[in-house]
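Hi,

Here is the structure I promised to pass on. Have a look at it first, and my notes on the charged pairs follow below.

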Amino acid sequence: MTLRVYNTLTKTKEPFEPVTPGQVGMYLCGPTVYKPSHIGHMVGPVIFDAVKRYLVYSGFKVTFVVNITDVDDKLIKESTARKMTMAALAEEMTGDYQRNLEAMGIDTIDHFPRATQCMGDIVGFIELLITKGFAYASEGDVYFDVARDREYGKLSNRDVASMQGEGGDMAERKRSPADFALWKSAKPGEPSWDSPWGKGRPGWHIECSAMSHKILGETFDIHGGGLDLVFPHHENEIAQSECAHGKPQAKYWMHNGLMQASNEVGKVGGRNTRETEAGDQQAQEAGKMGKSKGASAFSELLQRHAPETIRFFLLSTHYRRPIDFSEARIEEVNTGLEQFYRFFKRYERITGESFYSLPQISKRAEGEFDAGSNPTLAQVALHRQHYLEQMDDDFNTGGAVADLFELVRTMNKFADDEKLEANKPSAEQLATLKQGAKTLRELGGTLGLFRKPVEKPSADGGGNSELADKLMGLIIELRASARSKKDFATADRIREVLTSLNITLEDRPGGTEWTVK
RNA sequence: GGCGCCGUCGCCAAGAGGCUAAGGCAGCGGAUUGCAAAUCCGCCAUCGUGAGUUCGACUCUCACCGGCGCCUCCA
């Protein structure tokens, strides 16, 4: 089995072979930190977090870089509007972004370079491009000379001649409308850095070329980002980096699909429409998600849904597909997820040990096991193998998740058939159950799932849980005594009232369990 | 106008030139249960439309219809 990856550059799936055997350098375009993150900002990090986990699991040593773009026209505009410095705004929003990543359990990122902390590298990079004749200074600005790059357009399959380019007030300083800014001269009052061309700031794309080069070198393995970045951002990055170094910037370009508002056009957090006919402009806008509504802060979303649910939601479809965002969908996915949690509890009831105390297998080879003539384990092995095949095929997380469900079903059936909850399980039965659970933990781990118990985001949780435990213990005791006297009217009355309070009772061989919905 | 993506069960969503077209949610029937809940078993699609290529297509080609993205610093 070999890992295959879809490469936007070649538009095909290719066998994955890193530049340096065994080592992988991976760069993901991070956010421009001018507003709080919304769900769309988490798509890439969650996906590439899973990609890294799977690569590590497959035996690679991975360096994962996510940049922070903390200097940009949008930052200037927003900080001016909020009457604060650009640096303070960037600091605030970077904090928000990183808190969200942390909440989502994304702890695989090794470097978070910030554009403002790499100014020397950026300026040096631009100088190199000028020296090599690929860029020119013009009235304090510096532009990339697109005409000099014969390969320009290869990623997005574009023809330079037909390019419209940026218009606006920079037009007359450029040789060609398709040229893009590497350095922008500062207007009075704007934040700026010194450079050979005067005070100014970097253009949009150069920081990624400079920072990826600084940390990962001239040619690294995976460059990721949202599909919307293919043009112009990644096209321009390729132009800058490859003209500067004379070699490929990245071997594989991976692009994830964008989050879209369900039922509506437009994507979360995106700008509104391009110009359309005046006539249907109205209609179009009406169908679009209100920017504010759909793109609500991610931190708010976290108050309604567990991070693992959001992760599962994002990974339950193939990464290159667009995802329709809707909270109803997230809820639906959560219903499916709960099947796993119920199994974890069941596992604990039977073995007396937490599912989460099982060893977390982090290498593929270590997860292999001999099923012998055990039919349940044979099933487990089969699903494990199928899961890995799915993941090997361009990280098909959507297809892989199906095997996770199959795994749970297999183990539930085993527990049912062998009546593990009613009788004392034998050592052999326990071993089988553990192997199944271990495999589930192993495979889920490659997606960053099932790593630790979920904490429910419910508003009323936490606080008086000790009191609740004691009260429920008493109630369940009273109901049990009623049941033992065949007083089902009382027993059912208790359960009905609890149900109306969103508390579910489950009578099991070992006693009654309660859960809050 | 240019470049590209998508249209699979009620909803979401894998997939693939011939093998039973995964899985989740919802629904129906059954086992289990004092009754439930949970779990298990079973049922539930011929793949937007039309034409072509082929021994054979849902999977390839073309056209059409429908939805979407980028071409203006949005992950």
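**Salt bridges and one buried glutamate**

Let's start with one pair: Arg82 and Glu92 join their side chains in a salt bridge, at 3.1 Å from N to O. This one connects distant parts of the chain, with Arg82 in the loop between α2 (73–81) and α3 (86–103) and Glu92 in helix α3, 10 residues apart. By salt bridge I mean a side-chain nitrogen of Lys or Arg within 4 Å of a carboxyl oxygen of Asp or Glu. The helices are DSSP runs (H or I, at least four residues), numbered from the N terminus.

Before going further, the ground rules: this is a predicted model, where local features need pLDDT of at least 70, side-chain atom pairs count only at pLDDT 80 or more, and totals for chains, interfaces and linings use all residues. Residues are numbered from 1 along each chain as its sequence is written, chains are lettered from A and ligands numbered from 1 in the order in which they are written, and side-chain values use heavy atoms, leaving out hydrogens and water.

Back to that pair: Arg82 has a relative accessible area of 35%, so it is partly exposed, and Glu92 is partly exposed as well, at 36%. The cut-offs are under 20% relative accessible area for buried, over 50% for exposed, and partly exposed in between (1.4 Å probe, protein chains only).

How many salt bridges are there by this rule? The count comes to 36.

- Arg349 pairs with Glu421, their closest N and O atoms 2.7 Å apart. Arg349 is in helix α11 (residues 327–351) and Glu421 in the loop between α13 (397–417) and α14 (427–445), 72 residues apart. Arg349 is partly exposed at 27%, and Glu421 is partly exposed at 22%.
- Lys434 meets Glu353 at 3.2 Å, N to O. Because Lys434 lies in helix α14 and Glu353 in the loop between α11 and α12 (375–392), the pair ties together parts that are 81 residues apart in sequence. Lys434 is partly exposed at 28%, as is Glu353 at 34%.

There is also a network of salt bridges, linking Asp49, Arg53, Asp107, Arg311 and Arg451.

Lastly, is Glu242 buried or exposed? Its relative accessibility is 14%, so Glu242 counts as buried. Glu242 sits in helix α6 (residues 230–245). Leaving aside residues up to four places away in sequence, Glu242 touches Glu151, Lys154, Lys247, Pro248 and Gln249, where contact means heavy atoms within 4.5 Å.

Cheers

Key:
Helix = DSSP H or I, 4+ residues; strand = E, 2+ residues; numbered from the N terminus.
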